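Here is a short briefing to read alongside your model. Keep the sequence and the 3D view open, and take the topics in any order you like.

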Amino acid sequence: MPFAQPLSAFSVFAGFLALFPASTLGVAEGDVITRVRDIPHFGLGTWLSDKEKVAHAVEYALDLGYNHIDAALIYRNEDQTGKGIAAANVARQDIWVTSKLWNYHHRAEEAHKAIKKSISDLGVEYLDLYLIHWPVAFVPGEGTEIDQETSIFDTWRTMESFVRAGLTRHIGISNFARKDVESIMDMCTICPYAHEFETHPYLQQQDFVDFHHDIGVKVIAYSPLANTNPHYDSGTQPILENTFWKNLADRKNATVPQTVLAWGIQRGTIVIPKSVHEKYINENLGALDITFTDDEMKAIQDTDKKVRMNDPGKGWGVKLFADLDAPTRLDDDDKKVQEL
């Protein structure tokens, strides 16, 4: 299938970036010099990236022109991601690096160890964004036992301290329900910069996306290509085989992934497709050349299936996404439905 030229739009973007001199953003323990003031709308995801391949993927992407890497301690490949960053011909101030706090590490002492390990493994002096990975705290060393002593408010206060200490420029959240977002916004001194959650054509959550735009919190869309991730088994038709998207991609002279990613960008989300293949890392940039009419955007909206691909809540015994599309269903919920 033909596809749009992948580098033309990025060349324009790179030229735009060059117009801005380095700017200084003050932090408690010294100033950070960066030419990437805000999170780029296109990045490289690293969840489930093969540990043997992710270093090359990151190096290749950065040398190609990507300037945004999304990582996490629990991905267990941050050390290799860091090798890719180090090998690339880019300066630290020209890239955006995100990492995340895992559930075991919500207690203050554990959290400090975790962020410092991520910074060390990634080979950077600081992070641009550090997220609470899930609104769930586990007791350290006790599997998935829920930590009743540590609330998300306790964790958020710890996160704020990381900004003051110069360990990260911004902090944010991931996989939160709306009520939890609102609770954090009500108590924060340093408020969330971004919220990373699952959203794609099969789980659009447009009202939730718009809510974040209204309160000034950026949305990072993970799994932006829906069920192309082999980890998912939703029973839903693979989006690459979806007739609607194949036809739309043909009209755009593009691939389905390029077209889906372009939709994610046009609706105001930040997309972070994961790949370790040079062909797809390069090809995905073609999304930057594609735009949609209002009628096309409406037609896409009408295809929403409200199918969530990633929900560990049942395994943890926690109701996640309670006020969103496709919330966690625990065994007790299923029994109540059967009784009705």
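Helices (H or I, at least four residues) and strands (E, at least two) are DSSP runs, numbered from the N terminus. This is a predicted model, in which local features need pLDDT of at least 70, side-chain atom pairs count only at pLDDT 80 or more, and totals for chains, interfaces and linings use all residues. Residues are numbered from 1 along each chain as its sequence is written, and side-chain values use heavy atoms, with hydrogens and water left out.

**Overview**

- The protein has 13 helices and 10 strands.
- Of its 340 residues, 54% are buried; buried means under 20% relative accessible area, exposed over 50%, and partly exposed in between (1.4 Å probe, protein chains only).
- Among contacts between residues at least 6 apart in sequence, 73% join residues at least 24 apart, where contact means heavy atoms within 4.5 Å.

**The disulfide**

- A disulfide is a covalent bond between the sulfur atoms of two cysteines; here it is assigned to a pair of cysteine sulfur atoms within 2.5 Å.
- That rule gives a count of 1 disulfide, which joins Cys-188 to Cys-191 with an S to S distance of 1.9 Å.
- The torsion about the S-S bond of Cys-188 and Cys-191 is about 80 degrees, so this disulfide is right-handed.
- Cys-188 is buried, at a relative accessible area of 14%, whereas Cys-191 is partly exposed, at 33%.

- Two packed helices are described by the angle between their axes and the distance between the axes.
- The axes here are lines fitted to C-alpha atoms, for helices over the stretch in contact, and angles run from 0 to 180 degrees between N-to-C directions.
- Helix H4 (residues 108-122) and helix H5 (residues 152-164) have axes that come within 10 Å and cross at roughly 40 degrees.
- H4 and H5 are therefore oblique to each other; angles under 35 degrees count as roughly parallel, over 145 as roughly antiparallel, 65 to 115 as roughly perpendicular and the rest as oblique.
- The crossing of H4 and H5 is right-handed; a crossing is left-handed if the near helix is turned anticlockwise from the far one by less than a right angle, and right-handed if clockwise.
- On the H4 side, Ala-108, Ala-111, His-112 and Ile-115 meet Thr-158, Ser-161 and Phe-162 of H5.
- The residues of this H4 and H5 contact divide into 4 nonpolar, 3 polar and no charged; Ala, Val, Leu, Ile, Met, Phe, Trp, Tyr, Cys and Pro count as nonpolar, Asp, Glu, Lys and Arg as charged, and the others, Gly among them, as polar.

**Helix H8 against helix H11**

- The axes of H8 and helix H11 (residues 294-301) come within 12 Å and cross at roughly 165 degrees.
- That angle makes H8 roughly antiparallel to H11.
- The crossing of H8 with H11 is left-handed.
- Phe-244, Trp-245, Leu-248 and Arg-251 in H8 meet Glu-296, Ala-299 and Ile-300 in H11.
- The residues of the H8 and H11 contact divide into 5 nonpolar, no polar and 2 charged.

**Helix H2 and its end**

- The buried residues in H2 include Val-54, Ala-55, Ala-57, Val-58, Ala-61, Leu-62 and Leu-64.
- Gly-65 follows H2 and has a positive phi, near 135 degrees.

**Positive phi away from glycine**

- Leu-48 is not a glycine, yet it has a positive phi of about 65 degrees.
- Leu-48 sits in the loop between strand S3 (44-45) and helix H2 (54-64) and is partly exposed, at 40% relative accessibility.
- Ala-226, also a residue other than glycine, has a positive phi near 60 degrees.
- The loop that holds Ala-226 runs between strand S9 (218-222) and helix H8 (243-251), and Ala-226 is buried, with a relative accessible area of 1%.

**Two pairs of residues in space**

- Arg-329 lies in the loop between helix H12 (313-316) and helix H13 (331-339), where it is partly exposed at a relative accessible area of 42%.
- Arg-329 and Lys-314 are 15 residues apart in sequence and 6.7 Å apart in space, C-alpha to C-alpha.
- Ile-33 belongs to strand S2 (residues 30-34) and is partly exposed, with a relative accessible area of 42%.
- Ile-33 and Arg-92 are 59 residues apart along the chain, with 9.1 Å between their C-alpha atoms.
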